[in-house]
Amino acid sequence: MHYFPLHTYNNLMSADASQAAADSGKDKVNLQTWLIALSVILPTFIEVVDTTVVNVSLDHIRGSLSAGMDEVTWTLTSYLVSNAIIIPLTGWFCKLFGRKRYLIFSVALFTFSSFMCGVAWNLESLIFFRVMQGIGGGALQPLSHAILFETFPPRLHGLAMSVFGLGVVFAPIIGPLLGGWVSDNWSWRWIFYINVPVGIIAIILNSIFIKDPPYMKKTKMRIDYAGLALLVVGLGCLQIVLDKGQQEDWFASDFITVLTAISAISLIIFVVVENFIKQPVVDFSVFKDITFSTGCTVMFAMYFSFMATIVLLPLYLQMLMGYNSTLAGKVVGLGGLPMLITMPVVGVLVQKINPKYVLAVGVCLTSAAAYIFSELNLYADFNAVLIPRIILGVGAGCFFIPLMTLTMSHIRREQMSNASGMFNLLRNTGGSIGISLSMTILARSTQTTQFDLIGRLNPFNLNYQNAVNSAVAFFSTKGIVGAAAKHAAESSIYMELQRQASMLSFNKVSMITFFALILNLPLILIMRHKKGGEHVDSVH
């Protein structure tokens with residue numbers, strides 16, 4: 001049981017009473033509600049875009065700053081590390097500084113550091129300002145999530161989450177397309193400069209329209225230095241491991257092994273310590289709610305599979321199917337359009353029916369898309385690839401909104417920022433692990449599959465002999481004869497074997513994502529649906 005000072009209790013109760021009165025008498029949103037939504041989703045959108053926009057600009061940055069490819073990838077890692085550290089601390093910083101003040105500070109820091117990234121004079125300065133950009137942007141996702149949930153009445157939480165979903169789900173798809181176009185036609189520096197006017201507009205809007213509720217005012221707190229240090233070290237090392245693991249050959253590298261051990265020990269101690277601290281930097285009590293903890297688990301698994309598919313699909317198209325960047329971008333981009341259309345529809349739909357039904361449909365659709373991807377081959381045409389991508393987009397639109405709505409439905413308002421921080425941390429971590437693990441499985445599986453197949457390329461295999469003879473005859477018609485024709489024939493067959501090994505590995509990863517998705521269906525049954533008119537008391 002928690003005890004509050006009398007004035008705090010009265011403030012909370014009056015705030016909840018006024019909120020409940022507003023919710024009961026208002027099923028529709030007004031202009032101010034939409035302006036608040038615009039205020040928080042605008043900076044969130046560009047922040048999420050910046051997690052992927054740099055990926056396709058690395059070659060431009062490397063050439064401009066005279067850096068090696070291994071060095072320039074730290075512009076990605078530095079942002080992800082600082083971003084991951086800040087997300088779970090959002091609720092604590094809101095209590096320490098006040099939510100509105102912290103939100104405006106975060107947007108301002110993100111905007112300033114974006115400008116400085118654009119004017120970076122060497123690689124070291126770019127990495128430093130990317131760290132600052134991640135610190136500023138890390139809080140924007142959980143803050144916008146929490147503010148939207150509080151601003152929209154309970155019956156319209158599905159609509160609120162559709163707005164949030166457009167920012168955090170559609171933005172990673174737009175990022176690579178935007179980054180590639182801007183870098184090719186302007187300069188890589190403009191992928192950062194374009195954040196500045198958007199950030200300034202967001203600061204103005206937030207200053208005017210965002211108000212702190214009584215339970216989000218600045219409060220005096222003892223700083224949990226031990227918890228802060230353990231969280232920074234644990235999450236920082238974890239993100240570096242996930243980002244650099246495959247490149248460093250995982251545990252064959254002492255660097256990765258040491259960082260993994262430090263991360264594991266730090267995070268375990270952190271979880272234990274925070275449960276005994278009076279004012280912890282992260283309050284794990286929200287996980288006592290079965291719906292919240294189950295929803296976080298489902299989101300982790302869903303984003304694991306979603307991001308793995310989004311990253312692998314362009315590789316498959318460019319490496320094996322011969323697509324150029326523009327055509328591969330069309331497949332990814334066109335597949336995102338159904339998601340853009342589906343989300344607002346689902347946002348309205350979850351107000352009328354149990355969100356669990358919509359969530360189950362979303363899981364089934366994304367699972368079906370993953371299964372179809374696992375059946376692709378080297379003869380797939382454009383439509384054969386686009387159709388499962390469209391199904392994936394529709395499915396993602398169907399599961400993100402009801403899942404977020406269900407997960408947060410039992411959380412008390414004063415815990416919303418803290419819970420949103422944990423939810424978004426697990427979502428992002430799931431995506432990072434999905435990308436890292438899928439790339440590792442792809443690389444390792446390609447090697448082992450190639451080794452298995454190459455045993456069949458021997459003179460005693462009749463099929464191999466026939467293939468060589470056919471290829472020799474083909475090259476002979478091109479003027480290549482004798483030993484040169486045989487060498488060319490064997491080389492072409494080996495190249496085809498490599499392509500087939502890669503294709504089988506892509507299929508294997510897609511099948512793994514299929515199982516990771518479909519196994520979430522039983523978990524949906526555990527989640528409890530709270531009807532739109534019901535309210536969660538702020539004080540128990």
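Visitor: Is the crossing in which α7 passes α9 left-handed or right-handed?

Guide: First, the basis. This is a predicted model, in which local features need pLDDT of at least 70, side-chain atom pairs count only at pLDDT 80 or more, and totals for chains, interfaces and linings use all residues. Residues are numbered from 1 along each chain as its sequence is written, and side-chain values use heavy atoms, with hydrogens and water left out. A crossing is left-handed if the near helix is turned anticlockwise from the far one by less than a right angle, and right-handed if clockwise. Here α7 passes α9 in a left-handed crossing.

Visitor: Which residues of α7 and α9 make the contact?

Guide: Contact means heavy atoms within 4.5 Å. From α7 come R99, Y102, L103, S106 and V107, and from α9 come L140, L143, A146, I147 and E150.

Visitor: At roughly what angle do the axes of α16 and α20 cross?

Guide: Axes are lines fitted to C-alpha atoms, for helices over the stretch in contact, and angles run from 0 to 180 degrees between N-to-C directions. The axes of α16 (residues 290-319) and α20 (residues 416-454) cross at roughly 40° and come within 7 Å. Angles under 35 degrees count as roughly parallel, over 145 as roughly antiparallel, 65 to 115 as roughly perpendicular and the rest as oblique. α16 is therefore oblique to α20. This crossing is right-handed.

Visitor: How many helices and strands are in the chain?

Guide: Helices (H or I, at least four residues) and strands (E, at least two) are DSSP runs, numbered from the N terminus. The chain has 23 helices and zero strands.

Visitor: Which residues touch the most other members of the largest nonpolar core?

Guide: A nonpolar core is a set of buried Ala, Val, Leu, Ile, Met, Phe, Trp, Tyr and Cys residues joined through side-chain atoms within 4.5 Å. Buried means under 20% relative accessible area, exposed over 50%, partly exposed in between (1.4 Å probe, protein chains only). The largest core has 87 residues, and L103, L148, M161, F292, F306, L359 and F400 touch the most other members. Helix α19 (residues 382-408) gives the most to this core, with ten residues.

Visitor: Why does N520 count as buried?

Guide: N520 counts as buried because its relative accessibility is 3%. N520 lies in the loop between α22 and α23. Leaving out residues up to four places away in sequence, N520 touches T297, V298, A301 and M302.
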